Amino acid sequence: MPTPTRRSVLGLLAATPVAGLATALATEAPAAAGPARRPDGDVVVRDLTVPVRGLPAVPAYLVRPARPVPRHRAPAVLFLHWFDPRATNGDRTEFVAEAVRLAARGVVSLLPQQGFPWTGDPVGDARDVAAIEAELTRLRHALDALLARPEVDGRRVAVVGHDYGAMYGALLAAGDRRVSALAALAPDAAWESWFLAYWLGYEGPAAEAYARLFAAVQPVDAMGAVATERPVLLQFADDDQYVDAAVRARFAAAAPAARLEVYRRAGHHLDLAALADRTAWLDRVLRLPG
């Protein structure tokens, strides 16, 4: 969750998805022209839009096996990206390469572009809670679109999120039992933490009053609710300037049943060891073939 550069977010998100997709797929194989990109013979990446009544539509990448999949046989993953207005992958491109590798093994993934705070800054009052709730509505529609695909097995659906994406993933999973497993990478425990640190700067009573606004939507509470009944993987780094040991301790206390891993000498992006662990965990919870 690097320090945002105000309003640079809009231009970056407009410019980077296609370029970021090409970069992400470059290590897999050349992408074909046309609406569906084939990074290799086994996988198709398609750019689509999920409509949401009364809210901005959700641009998303659908990543699926190229070969036909029998009805209700494909496990699914909803990938929720991180926030960094200066990064080329601070948008829906973040997990494309990971989704491509999963699609080669039969998994269907949807990678939606998120809106708040990517395209709008926190303002410091109850409108920020409303913006989170609106974003959750958009993500529920994205999940609906993924589960509506005839090949998807609705009993094997994971959410994988990083940073703000992990925080939204916790709320989404807590409110929707169709999510059967959750992997959360470097989330913060409370919405107000980064909003105050990087946008608003409130202190004292003003900061305390602002924090109380989020009581019903805190990620740490949602994570605890999910972990009591479904598999949860929490991945943190020990050299993360945005998520410290105290935050990790809050998640450990709230979700003792979760698997919590801390990666030594890794930063907020995590590392290849975290990717390997997450891949093995998804293999298990989605029951992928060996």
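**Exercise 1. Determine with which side chain the side chain of R92 makes a polar contact, and how R92 is placed in this predicted model.**

Step 1. The side chain of R92 makes a polar contact with the side chain of D47, at 3.0 Å.

Step 2. In terms of secondary structure, R92 belongs to the loop that runs between β4 (74-80) and α2 (96-103). R92 has a relative accessible area of 8%, and because buried means under 20%, R92 is classed as buried.

**Exercise 2. Decide whether the pair D47 and R92 is a salt bridge, and state which parts of the chain the pair links.**

Step 1. The closest N and O atoms of D47 and R92 are 3.0 Å apart; the cut-off for a side-chain nitrogen of Arg and a carboxyl oxygen of Asp is 4 Å, and the pair therefore forms a salt bridge.

Step 2. Distant parts of the chain are linked by this pair, with D47 in strand β2 (residues 43-50) and R92 in the loop between β4 and α2, 45 residues apart.

Step 3. The two partners can then be set side by side: D47 is partly exposed, with a relative accessible area of 42%, whereas R92, at 8%, counts as buried.

**Exercise 3. Work out where D283 and R105 lie and whether each is buried, partly exposed or exposed.**

Step 1. D283 and R105 form a salt bridge in which the closest N and O atoms are 2.5 Å apart.

Step 2. This pair also links distant parts of the chain, as D283 sits in helix α9 (residues 272-285) and R105 in the loop between α2 and β5 (108-112), 178 residues apart.

Step 3. D283 is partly exposed, with a relative accessible area of 22%, and R105 likewise counts as partly exposed, at 29%.

How values were computed
Residues numbered from 1 in each chain as written. Predicted model: local features only at pLDDT ≥ 70, side-chain atom pairs only at ≥ 80, totals over all residues. Heavy atoms only, no water. Helix = DSSP H or I, 4+ residues; strand = E, 2+ residues; numbered from the N terminus. Buried < 20%, exposed > 50% of the residue type's maximum accessible area, 1.4 Å probe, protein only. Polar contact = N/O pair within 3.5 Å; in protein donor to acceptor, adjacent residues only side chain to side chain.
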